[in-house]
Structures are given as C-alpha cells and as structure tokens.
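Colleague: I am new to this structure. Please take me through it one question at a time.

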Amino acid sequence: MKQIINGKTYNTETATELGHRWNGLSDSDFRHISESLYRTKNGRYFLAGEGGPMTRYSRPVGDMTGGGEKIIPLSEQDAREWMERHCDADEYVAAFGEPEEA
C-alpha cells in the first residue's frame with residue numbers, strides 16, 4: 001500500500017514492518033481489523049491497515065459505510081504506545097531498543 005499524506009510518501013513496500021496485530025475476527029465481521037506498524041527510511045512511523053465498517057478504516061459507500069484500508073501517520077510516541085499495547089516485549093525491543101527498567 002502506498003499513500004501520500006501532507007506531501008510525504010508512506011509505502012509499505014519500502015518501509016520496515018515493526019509489528020502486526022489482528023483482532024481475530026473474520027473479514028465478514030464489521031469490527032474486524034488487521035494492521036501493521038511501519039517505520040520509513042526517514043524515521044517516520046505509520047500504521048497500514050484494513051478493517052470493517054465499524055473501525056477507523058471504514059469508508060463511505062453511498063449513504064452507508066463499508067470496510068476499507070488506509071495509512072495513518074503516527075508520532076514516535078504513538079508508535080511506541082501502539083507497540084506496547086499490541087506486540088510482545090521482544091518485538092518492542094527490536095523496534096525501539098531496551099527501555100528503562102522499572
């Protein structure tokens with residue numbers, strides 16, 4: 001998937017995938033979601049995903065909504081928070097390095 005947002009190109013084929021999540025729902029469920037976090041060569045972060053009509057990936061279809069796909073740019077802080085919520089510790093460390101110990 002490739003998209004230009006605010007004059008910047010986000011491309012899943014040239015960026016590095018850092019983590020992935022799928023909520024386990026089938027494609028026929030309006031709440032299904034599958035998304036991956038990427039980092040571009042220039043250090044920008046983004047989500048590339050697809051989901052049903054009841055997700056952030058929905059799109060207008062006539063006077064209704066349907067499933068869709070899109071790219072969502074993220075700040076580094078938002079990318080870190082996404083990794084904490086959806087990926088395991090090893091994936092987080094591979095993407096961002098070892099965090100400070102509690």
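Colleague: At the start of α2, which backbone nitrogen does a side-chain oxygen of Asp88 reach?
Modeller: Bear in mind that this is a predicted model. Asp88 sits at the start of α2, and one of its side-chain oxygens comes to within 3.2 Å of a backbone nitrogen. That nitrogen belongs to Asp90.

Colleague: Where around the axis of α2 do its buried residues lie, on the same side or on opposite sides?
Modeller: Helix α2 spans residues 89–96, and its buried residues are Tyr92, Ala95 and Phe96. They cover an arc of only 75° around the axis, which means that they share one side of the helix. In an α-helix there are 3.6 residues a turn, so residues three or four places apart point the same way.

Colleague: Which strands stand at the edges of the open sheet of four?
Modeller: The strand order is β3-β4-β5-β8, and the pairing is antiparallel. An edge strand has a single partner, so one of its sides is left without a neighbour in the sheet. The strands in that position are β3 and β8 (68–74).

Colleague: What angle does the direction of α1 make with that of β3?
Modeller: Neighbouring strands of the sheet are turned against each other by 20° on average, direction ignored. Helix α1 packs on this sheet and touches β3, β4, β5 and β8. Its direction makes an angle with that of β3 of about 45°.

Colleague: How many residues of β5 are buried?
Modeller: Strand β5 is joined to β4 by seven bridges, and it pairs with β8 over seven bridges. β5 is largely enclosed by the rest of the structure because of its seven residues the number buried is six.

Colleague: In the hairpin of β4 and β5, which residue in the turn has a positive phi?
Modeller: The two strands run antiparallel, and Arg39 stands opposite Tyr45 in β5. Five residues lie between the strands. The turn residue with a positive phi, of about 85°, is Gly43.

Colleague: Which residue in β8 is the bridge partner of Gly51?
Modeller: β5 and β8 pair in the antiparallel sense. Leu47 stands opposite Ile72 in β8. For Gly51, the bridge partner in β8 is Gly68.

Colleague: Is Leu74 buried or exposed?
Modeller: Leu74 lies in strand β8. Leaving aside neighbours within four places in sequence, it is in contact with Leu37, Tyr45, Phe46, Leu47 and Ala79. The cut-off for buried is under 20% relative accessible area. Leu74 has 18%, so it counts as buried.

Colleague: What is the relative accessibility of Thr55?
Modeller: Thr55 is placed in the loop between β5 and β6 (59–61). A polar atom of its side chain lies 2.7 Å from the backbone oxygen of Gly52. Apart from neighbours within four places in sequence, Thr55 is in contact with Phe30, Arg31, His32 and Ile33. Thr55 counts as buried because its relative accessibility is 13%.

Conventions:
Residues numbered from 1 in each chain as written. Predicted model: local features only at pLDDT ≥ 70, side-chain atom pairs only at ≥ 80, totals over all residues. Heavy atoms only, no water. Buried < 20%, exposed > 50% of the residue type's maximum accessible area, 1.4 Å probe, protein only. Arc of directions from axis to C-beta. Polar contact = N/O pair within 3.5 Å; in protein donor to acceptor, adjacent residues only side chain to side chain. Pairing = 2+ DSSP bridges. Axes fitted to C-alpha atoms, helices over the stretch in contact; angles between N-to-C directions. Contact = heavy atoms within 4.5 Å.
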